[in-house]
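Good morning. Please have a look at the chain on the screen, and I will go through a few places in it.

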Amino acid sequence: MKKYKKAIFSLGLAVLLGGGLAACGSTTDAPSSSSEPKKEDTVYAFGEEVIGKSKMAVIVHSIEETTDSGSDFAKITEGKKHVIIDVTLTNNSDKELPYNPFYFSVKSEAGIQSTIALSLIDGTLQSGTLAPGDLVRGKVVLEIGADEVL
């Protein structure tokens with residue numbers, strides 16, 4: 001299992017509520033029209049809290065890569081690897097906010113976007129709703145090409 005030891009990663013927060021979250025790798029927000037310039041990447045440290053427009057805070061604790069699913073049932077697709085992102089989400093708003101592992105994705109250096117992966121690892125982030133002030137921690141498992149570099 002490859003564990004990222006770098007202290008920084010690139011995180012593009014579109015809109016966590018009703019939008020998507022991209023963690024690690026080279027990410028940019030797509031412009032809404034052809035006349036609008038692209039936004040540059042922002043670099044954050046592991047453990048640094050990042051707050052989205054919805055006031056949902058995200059902390060990425062670690063990112064690991066593996067080619068071993070640890071299960072005969074949920075095998076990793078041939079030619080792919082899993083990226084495991086350990087995150088904490090905190091609702092800093094005054095209303096309930098939904099969360100879901102489908103809000104997360106990574107892009108490789110080549111710009112190839114990940115997909116959510118079926119995984120039976122312990123601590124997988126589920127979906128749900130966070131009350132104001134509540135937090136949840138879990139692992140998001142994504143699948144990318146085995147040769148892709150984050």
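**A buried glutamate, a core and a patch**

Glu65 has a relative accessible area of 7%, so it counts as buried, the cut-off being under 20%. What you see is a predicted model. Glu65 sits in strand E6, which covers residues 56-66.

What does the side chain of Glu65 contact? It makes a polar contact with the side chain of Lys81, at 2.9 Å. Val83 is 18 residues away from Glu65 along the chain, yet their C-alpha atoms are 4.5 Å apart.

Next, the core. The largest nonpolar core has 20 residues. Those that touch the most other members are Ile85, Val87, Leu89, Tyr99, Phe104 and Leu125. At least two residues of this core come from each of these strands: E6, E7 (80-91), E8 (97-99) and E12 (135-145). As background, nonpolar side chains in soluble globular proteins tend to be buried together.

Now to strand E8, where we find Leu97. Is Leu97 buried or exposed? Its relative accessibility is 1%, and therefore Leu97 is buried.

Last, the surface. Phe73, Leu118 and Leu120 make a nonpolar surface patch of about 370 Å². Leu120 belongs to the loop between strand E10 (115-116) and strand E11 (128-130).

Terms used:
Residues numbered from 1 in each chain as written. Predicted model: local features only at pLDDT ≥ 70, side-chain atom pairs only at ≥ 80, totals over all residues. Heavy atoms only, no water. Helix = DSSP H or I, 4+ residues; strand = E, 2+ residues; numbered from the N terminus. Buried < 20%, exposed > 50% of the residue type's maximum accessible area, 1.4 Å probe, protein only. Polar contact = N/O pair within 3.5 Å; in protein donor to acceptor, adjacent residues only side chain to side chain. Core = buried A, V, L, I, M, F, W, Y, C linked by side-chain atoms within 4.5 Å. Patch = residues over 30% accessible without salt bridge, like charges linked within 9 Å, V, L, I, M, F, W, Y side chains within 5 Å. Areas by Shrake-Rupley, 256 points an atom, 1.4 Å probe, with all protein chains shown as cover. Salt bridge = Lys/Arg side-chain N within 4 Å of Asp/Glu carboxyl O.
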